[in-house]
Amino acid sequence: MLIGNKTDLEHLRAVSTEDGQSYAEKEALSFIETSALGATNVEKAFQTGLSEIYRITSKKSLSSDESAPSSIKEGKTLVVGAPEANSNKACCSLS
């Protein structure tokens, strides 16, 4: 996966979108541009990466006639952004 970051700084761009896409296609990579400042495509980049990892590992597991190795455990669903029990506790204070 090839990720172009800081798309909010268009005036400082070193690589064009077209060049990035072309390189990603040549190397058989997925391509996405992101901006953490503008919250543009950041979550999508993570979701795409995780989906690709899942697709590849599932494909490998299916292509072998063996069951999944015992070292691979069933996962847990994590709720991202869920309120924590101690939400009024300061994160980084010294007191």
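**Ground rules**

I'm working with a predicted model, so local features need pLDDT of at least 70 and side-chain atom pairs count only at pLDDT 80 or more, while totals for chains, interfaces and linings use all residues. I number residues from 1 along each chain as its sequence is written, and side-chain values use heavy atoms, with hydrogens and water left out.

**Fold**

I looked up the secondary structure and found two helices and two strands. Starting at the N terminus, I read the order as β-α-β-α. My helices (H or I, at least four residues) and strands (E, at least two) are DSSP runs, numbered from the N terminus.

**Burial and surface**

I checked how much of the protein is covered: 11% of its 95 residues count as buried. For me buried means under 20% relative accessible area, exposed means over 50%, and partly exposed is in between (1.4 Å probe, protein chains only).

**Contacts**

I took the contacts (heavy atoms within 4.5 Å) between residues at least 6 apart in sequence, and 53% of them join residues at least 24 apart.

**Salt bridges**

Side chains of opposite charge can pair when their charged atoms come close. I counted a salt bridge when a side-chain nitrogen of Lys or Arg is within 4 Å of a carboxyl oxygen of Asp or Glu. That rule gives me three.

Which residues are linked in a network? I found Glu10, Arg13 and Glu33 joined that way. Arg13 meets Glu10 with N to O at 3.2 Å. Arg13 also pairs with Glu33, where the closest N and O atoms are 2.8 Å apart. Glu33 sits in strand E2 (residues 31-33) and Arg13 in the loop between strand E1 (2-4) and helix H1 (17-26), so this pair ties together parts that are 20 residues apart in sequence.

Is Glu33 buried or exposed? I have Glu33 as buried, at 18% relative accessibility, whereas Arg13 is partly exposed at 29%.

My last entry is the bridge between Arg55 and Glu52, 2.8 Å from N to O. Both residues lie in helix H2 (residues 42-63), three residues apart, or about one turn of the helix. I looked up their accessibility too: Arg55 is partly exposed at 41%, and Glu52 is partly exposed at 32%.
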